[in-house]
Amino acid sequence: MQMNSSQTYVRAGDGPDYFSWSLLLFTSLAGLLASIWPMPIWAVWIRPEFAAMLVIYWVLFAPFRVGMLYGWSMGFMLDLLMGTALCQHALGLTIVAYVVYLVHQRLRMFAMPQQAIAVFVIVSLYQLVNYWILGFSGGGYASFALILPALASAICWHFTRLLLDRLRM
């Protein structure tokens, strides 16, 4: 029996699906910090949803390691940091993680502009859930300005994905 000496082996971690828990922790902390960073009043409405984009990215590219528990924990930390109704963001980011997990194989095949449109739709769903819970708790907005963070997230998706892909390599 002869062995094929032309086979090449890839070490764990060298493939295209490289995953690092320390990178996940670092990007999560950076995303939470960017979500609560003070901004001028005019820029608050166009702040991208950094936590939602990170949940989308990590569930999209590591769906069997990162899932709904990651979305819930990111949302719970965001609730604690922002002082909102407990589990408002946790529910929204859990729904985001679930939706992305359902369609992660399709989303990975999309071109970058199509992914940006999908990010717009998913972040809009996240915004809708947040404003729905806010309405139940006594607050509310009667403005179409809730679409602006979703639009800003879709515009920033290209840069976010390229940066995180570069960090993963």
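Predicted model: local features only at pLDDT ≥ 70, side-chain atom pairs only at ≥ 80, totals over all residues.

**A guided reading of the model**

Guide: C156 is found in helix 7.

Visitor: How does C156 count by its relative accessible area: buried, partly exposed or exposed?

Guide: The relative accessible area of C156 is 25%. Buried requires under 20% and exposed requires over 50%. C156 therefore counts as partly exposed.

Visitor: Which residues does C156 touch, not counting residues up to four places away in sequence?

Guide: Contact here means heavy atoms within 4.5 Å. With residues up to four places away in sequence not counted, C156 touches P48 and M53.

Visitor: How far apart in space are C156 and V119, C-alpha to C-alpha?

Guide: Along the sequence, C156 and V119 are 37 residues apart. In space, their C-alpha to C-alpha distance is 9.8 Å.

Visitor: With which residues is M112 in contact, leaving aside its neighbours within four places in sequence?

Guide: M112 has its place in helix 6. Leaving aside neighbours within four places in sequence, the contacts of M112 are W157, H158 and R161.

Visitor: How many salt bridges does the structure hold, and which residues do they join into one network?

Guide: The structure holds two salt bridges. In one, the side chains of D165 and R161 meet at 3.2 Å, N to O; in the other, D165 pairs with R168, the closest N and O atoms being 3.7 Å apart. Salt bridges that share partners join into one network R161, D165 and R168.

Visitor: Why are D165 and R161 separated by about one helical turn?

Guide: An α-helix has 3.6 residues a turn, so residues three or four places apart point the same way. D165 and R161 both belong to helix 7 and are four residues apart, which means a separation of about one helical turn.

Visitor: Are D165 and R161 buried or exposed?

Guide: Side chains of opposite charge can pair when their charged atoms come close. D165 and R161 form such a salt bridge, and the state of both residues is buried.

Visitor: Which residues does V66 touch, not counting residues up to four places away in sequence?

Guide: V66 is among the core residues that touch the most other members. Not counting residues up to four places away in sequence, V66 touches F19, L24, W58 and V59.

Visitor: Against which helices do the buried residues of helix 4 pack?

Guide: The buried residues of helix 4 are Q88, H89, A90, G92, L93, T94, V96, A97 and V100. They pack against helix 2, helix 3, helix 5 and helix 6.

Visitor: What is the phi of C87?

Guide: C87 lies in the loop between helix 3 and helix 4, and counts as partly exposed because its relative accessibility is 31%. Most residues other than glycine have a negative phi, and most peptide bonds are trans. C87 is a residue other than glycine with a positive value, near 75°.

Visitor: Which helix gives the most to the lining of the largest pocket?

Guide: The largest pocket has a volume of about 570 Å³. Of its 22 lining residues, the closest to its centre are V44, E49, M82, H89 and Y131. Helix 1, helix 3, helix 4 and helix 6 each supply at least two residues of the lining. The most, four residues, come from helix 6.

How values were computed. Residues numbered from 1 in each chain as written. Heavy atoms only, no water. Core = buried A, V, L, I, M, F, W, Y, C linked by side-chain atoms within 4.5 Å. Buried < 20%, exposed > 50% of the residue type's maximum accessible area, 1.4 Å probe, protein only. Salt bridge = Lys/Arg side-chain N within 4 Å of Asp/Glu carboxyl O. 1 Å grid on protein atoms, 1.4 Å probe; cavity = no way out; pocket = protein on both sides within 12 Å on 5 of 7 lines; lining within 4 Å. Points joined across faces, edges and corners; volume = space filled by probe spheres on them.
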